[in-house]
Amino acid sequence: MRIKLEKRAEPSRFMLFATPVAAVVFTILIGAVLFDALGYDGLGTVKEIFFTPILASYKWQDVATKAAPLILIALGLSLGNQAKVWNIGAEGQYIAGALAGALVAYLTPGVASHWIIIPMVIAGVLGGAAWAAIPAFLKTKLNVNEVLTSLMLVYVALQLLSYLVTGPWKDPNGHNFPQTAPFTDAQLLPHSIAGTFIPPGLVIAFVLMLAFWLVVSRSVYGFQVRVVGAAPSAARYAGFSANGTVWSTLLISGGMAGLAGILEATSQLGQLNLGFPSNYGFTAIIVSFLGRLHPVGVFIAGIVLAITYVGGQVAQTTVHVPSASGGIFQALMLFLILAGDVLVRYRLVLK
Amino acid sequence: MTMDFIISAIVTVVGISTPILLAATGELVVEKSGVLNLGVEGMMLIGAITGFAVTFTTFNPWLGVIAAAAAGAAVSMVFGVLVLSLGSNQVATGLALAILGIGLSTLIGAGFTGMIVPQFSSIFPSVLSHDPFWRVIFGYSPMVYIALAIIFAVGWVLNYTRAGLVLRAVGENDLSAHSIGYSVIGIRYMAIAFGGAMAGIAGSYFSMVITPMWAERMTAGRGWIALALVVFAGWKAGRLVIGAYLFGALMTLELYAKASGFQFLPSQFWASMPYIMAIVVLAVISYRDRTGSEAPACLGKPFLPNS
Amino acid sequence: MTLMNRRNFIKTVSATIALPAMAAKSFGADTLKVGFAYLGPVGDFGWTWAHDKGRKFMVDQLGGKVVGDYVENVAEDASAVPVIRDLAQSGHNLIFTTSFGYMDQTIQVAKDFPKVMFEHCTGFKRADNVSTYNSRFHEGRAVLGTIAGMMTKTGTIGYLGSFKVPEVVMGVNAFTLSAQAVNPNVKVKLVMIDSWFDPAKEAAATETLANLGCDIITSHTDSPATLQVCEQKKLYGFGQGADMSKFAPNAHLTAIEDIWGPYYLSRANAMLDGSWKSTDTWWGFKEGSVVISPYNAAMPKEVAAAADKIQAGWKDGSYNVFTGPIADQSGAEKVAKGVVMADGDLAGIDWFVKGVEGA
């Protein structure tokens, strides 16, 4: 008996929705077996990683806090991925956005009005977009692969952050530790919206999810992005500019990453230091694929990934698995969702 | 500056460049076949822990290196099956491989922290390997010569043999290679396995040659520099060697500058140089040749013969 | 690979779904739960490894009276807050946060848990339920400096640092001043590698220092890389954080061992007998937080005697390496003759003493 792949005439709608769910379920099952085989409490591990964060209400705020930047970044990345523009440098744009926002804060320590948040956030968006403009420029002018350039720029951004917090922006009252001065009260957003567990970033992510949904499903631009990705020659025929799509998707995804960066800095950390980069930009790529590049899917996938982060930390204290476990579960999930893709386009036939 | 001083500096540069060169050589072959595998860092760490663990158990570093290569190749097959047989996205799959390798090496390595292993002995007589002058040629770990032999073999195969021609054809135009009867998928599988094996060996260089020990994430991001190096070299084997030693020389130069109290640019500038240089080179070669033909034309694209 | 049959499968699924949140395991009412937040992996064989050894010591000493849990690889960003809060919420009454970067996060969480006691390592912000603690590693550096100053033949000693933070600067200065005390012409070449952990770069930096004429090289980073290179090059070096003689039996002169166990034990005991108070603790040789490993047999007797004397001096308070006159790199006097630098000045120090070259 052999299993053969047979191409479907049309992508399966059912599989499109079923495979992400199946990926999560299989991650849980494989994870349980794997961790048991490695000598840990497999069931306990998956319970803590996937279920405790949902069941324990006091963990909701942590999940929401982790989910906000992931969703914001992944919304932008999904748009580009639909056009087959692969921005994998969101981590760098996230840092660049935070730096640009912090620059505004750094220049305006005396401003006591909360309105200063607005220019900070705008600067964050622009900073992220500017960092993404470099690969966009190189791609459209010189046909340079954006995967490579955006990835390289992550490491340049990391060094830039390191330079600023150990050098010119170092807090003079910080006992010489590598960090900027804390933002002033006016420059800070609250950790969460008063009376709730929801961080401001998640509200913005929700609103933007609706906006992206509208754009992707209802606007000509959303159509253009999909056509450029799926059928470049048809797109040319229809008069859609491939270069314009590269520019717009990279600027939008960079801007979203920058927005996530400055919101994280001003609502959660309250300053910048060497520990600021947290790999959200890379994890958001998993979120984007797990969410099937759809804004609503991305929102849900962002929460699922946030759950594995939070749960991974819980599992360390309760079932004593190493911190690397969370990463293994995330990688497994991404492998399975990518493998599941094949079922959308093909059917399995037994011969 | 004495001869001895210069020779010592060269020895340092060669030592620090070798693992990057090893990993980049593997990735070069992978990319030449039209596949982009971003999981180098993860495969290196798998190689580092496997090489260490096997050497620790067998007391034989040669077995350790072979095991590291095998482990690197094995873990790269996860990537291979996904992107080749199931047609999944290469960028995302490669990143997942990097995450998996970092996590898995940590889990496997938990019991090996603080252990020590026997080291390679020199393959040349001590008269040569410890000679103040001749050590510049004979004074390295055997892995250094293996790395050089492999890169020269790869360069030769790529440029002067039929196998290399086929590999490049698969990377440049998979559909025509397919139509004249070559197995695009089969060739790419082999390229990915080779890339994994090389990354594995590169990882074992950290845990067995530079510092014979195991520590989590001990490759400290060299896998990403290897990716930058392939780009910097413009997908050419000869430039890969030059680029690897140039990257190593830059880092060493910075260390000398610091130790001599001579520092006219912040160290972060130097640390970001490999990446900036890779971007600049990429831009320059693309500017010279608007078709971007230096990069394999099919790089990162799935092979879809029926669509 | 375990095959999963249908029955197992169903068992797994139902167990996974049916399990209630039973995070709060039942311990005796008098069991003290102690939580630790670690910066690195427990397997780093450096900073976090030493803290974890201290945790194990505390647990061993107190038998069944205490449980010690930890979370490793906690990023020094906003995500440290949920980790620390989680430790507090899951019944840990005493929580150690073991890196500088958790300072504000610790203070923030402590506000919400007035009944939980927190201890932040290397920081300077305290509250009614937040103590701070650190070790006087620079006391140990003065012993290493004395040994290096007496044993160097070239008169040039290498020093490999991570970042220019007070902890490192203090160590460099203590090392240099003590070396100069026994060998006035000694020079210390300093290289910062901008990382706490990067064995390949540490190895390259060590080779660089050796090539620049250093015959003894010490390090303030987290791996034994420096020692391993010294061993290959037949130079001398020192272990950092733990006895690393296993990695370099000939090169390893001695090591500064970070011993957190006694402090963790004393604080856990304070919790058990109800005497815990917010304090700022900075222990050294006297209290057993800083320990010098057994000397290498190759070390001459008079060097060992001098090193012992420094240790004894720290213990009985008759010696302090930061006693003036001390000049900075430019030669300007920073501490006047006979004056001992205050702890507060040390804690924020950002200048190197005369005789330090590089960085």
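How many helices and strands are there in chain C? In this predicted model, local features need pLDDT of at least 70 and side-chain atom pairs count only at pLDDT 80 or more, while totals for chains, interfaces and linings use all residues. Residues are numbered from 1 along each chain as its sequence is written, with chains lettered from A and ligands numbered from 1 in the order in which they are written.

Chain C holds 11 helices and 15 strands, both taken as DSSP runs numbered from the N terminus (helices: H or I, at least four residues; strands: E, at least two). The radius of gyration of chain C is 23 Å, close to the 21 Å that the globule rule gives for 359 residues, so chain C is as compact as a globular protein of that length. Here the radius is taken over C-alpha atoms, and the rule is 2.2 Å times the number of residues to the power 0.38. Along its principal axes, the C-alpha trace of chain C spans about 75 × 50 × 35 Å.

Turning to the strands, chain C contains an open sheet of seven, in the order β12-β10-β9-β8-β6-β7-β15 and with mixed pairing; two strands pair if DSSP finds at least two bridges between them. Its edge strands, β12 (290–292) and β15 (356–357) of chain C, each pair on one side only. Strand β10 (residues 252–258) of chain C is joined to β12(C) by three bridges, and the two run antiparallel. One residue to look for here is C:Ile256, whose bridge partner in β12(C) is C:Ile292.
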